[in-house]
Amino acid sequence: MKFQGSDQYVATADLMLAVNAAATLQRPLLIKGEPGTGKTMLAKEVASALGRPLLQWHIKSTTKAQQGLYEYDAVSRLRDSQLAGIEGSERVRNIENYIVKGVLWQAFEADEPVVLLIDEIDKADIEFPNDLLREIDRMEFYVYETRQLIKARHRPLVFITSNNEKELPDAFLRRCFFHYIKFPDAETMQKIVNVHFPTLKKDLLSAALKNFYDVRNLPGLKKKPSTSELIDWLKLLLAEDVPVDALQSKDEKVSIPPLVGALLKNEQDLTLFEKLVFMQRNNR
């Protein structure tokens with residue numbers, strides 16, 4: 001089965017090609033792009049479109065690769081050994097009762113192929129990707145406490161997202177198929193908005209998109225507004241029943257849109273935008 005997009009996710013032709021290429025090569029698909037461009041949502045939509053279960057591993061700065069495989073809860077075993085009577089001693093002797101299966105283990109032992117999302121891998125330390133090389137490449141790992149070799153019943157379709165906070169090791173990159181999600185142009189963005197707001201009036205959508213790209217294209221912004229912020233802004237415009245006239249400037253110059261706090265998220269960017277509007281109004 002090939003991924004051909006979905007009703008809930010507007011996928012460009014090159015993105016669909018990347019998903020299917022990674023599936024054909026049986027390699028993880030490494031997805032990069034600005035925050036809010038749908039990297040995480042892609043794995044969810046592919047799983048839904050292909051009818052596969054989705055397993056998610058959201059990475060934090062403290063996450064270790066071992067946690068994706070399994071963790072041995074030695075503290076609980078020690079506590080139980082101290083508290084257990086005759087009846088509880090059997091549980092303590094069986095070390096498997098204290099092995100906590102990680103997301104990778106769950107994916108490997110699943111009865112059917114799954115979609116596995118490793119989200120924001122660049123948040124972890126630099127050794128994290130290297131520590132997963134063997135497991136992702138060979139689809140197996142060894143459990144030293146129980147002397148078990150865990151092999152994948154089915155190779156999962158692996159999605160790995162990154163916001164480029166850290167460079168990933170070359171050895172890891174060689175094992176992935178890479179795709180960068182470009183920020184949507186106005187035409188693609190209109191399709192994305194239509195998925196979320198199918199009844200939105202065309203004149204309001206046109207005026208909102210012009211305002212959005214005027215803000216986004218301002219040079220020097222520290223944080224450019226993303227797709228998710230546009231969706232939030234449109235939701236507010238509809239909730240507050242903001243008229244189209246409030247989004248349009250008579251002289252076609254850039255103006256401060258209502259509820260701009262949904263688009264600009266820090267005072268430096270807001271000040272910069274206000275200065276631009278002031279300079280245009282005074283023809284400087």
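Predicted model: local features only at pLDDT ≥ 70, side-chain atom pairs only at ≥ 80, totals over all residues.
**Entry 1: α10 and α12**

I looked up how two packed helices are described: by the angle between their axes and the distance between the axes. I then turned to helix α10, residues 186-196, and helix α12, residues 227-239. Their packing angle is about 50°, and their axes lie 11 Å apart.

Next I listed who makes the contact. From α10 I noted M189, I192, V193 and H196. From α12 I noted T227, L230, I231 and L234.

**Entry 2: backbone angles**

I went through phi next. Most residues other than glycine have a negative phi. I wrote down two residues with a positive value.

Q26 is not a glycine, yet its phi is positive, at about 55°. I found Q26 in the loop between α1 (13-25) and β1 (29-33).

E120 is not a glycine either, and its phi is positive at about 60°. I placed E120 in the loop that runs between β5 (115-119) and α7 (127-131).

**Entry 3: exposure of E120**

Is E120 buried or exposed, or something in between? I looked up its relative accessible area, which is 21%. Buried means under 20%, so E120 counts as partly exposed.

Key: Residues numbered from 1 in each chain as written. Heavy atoms only, no water. Axes fitted to C-alpha atoms, helices over the stretch in contact; angles between N-to-C directions. Helix = DSSP H or I, 4+ residues; strand = E, 2+ residues; numbered from the N terminus. Contact = heavy atoms within 4.5 Å. Buried < 20%, exposed > 50% of the residue type's maximum accessible area, 1.4 Å probe, protein only.
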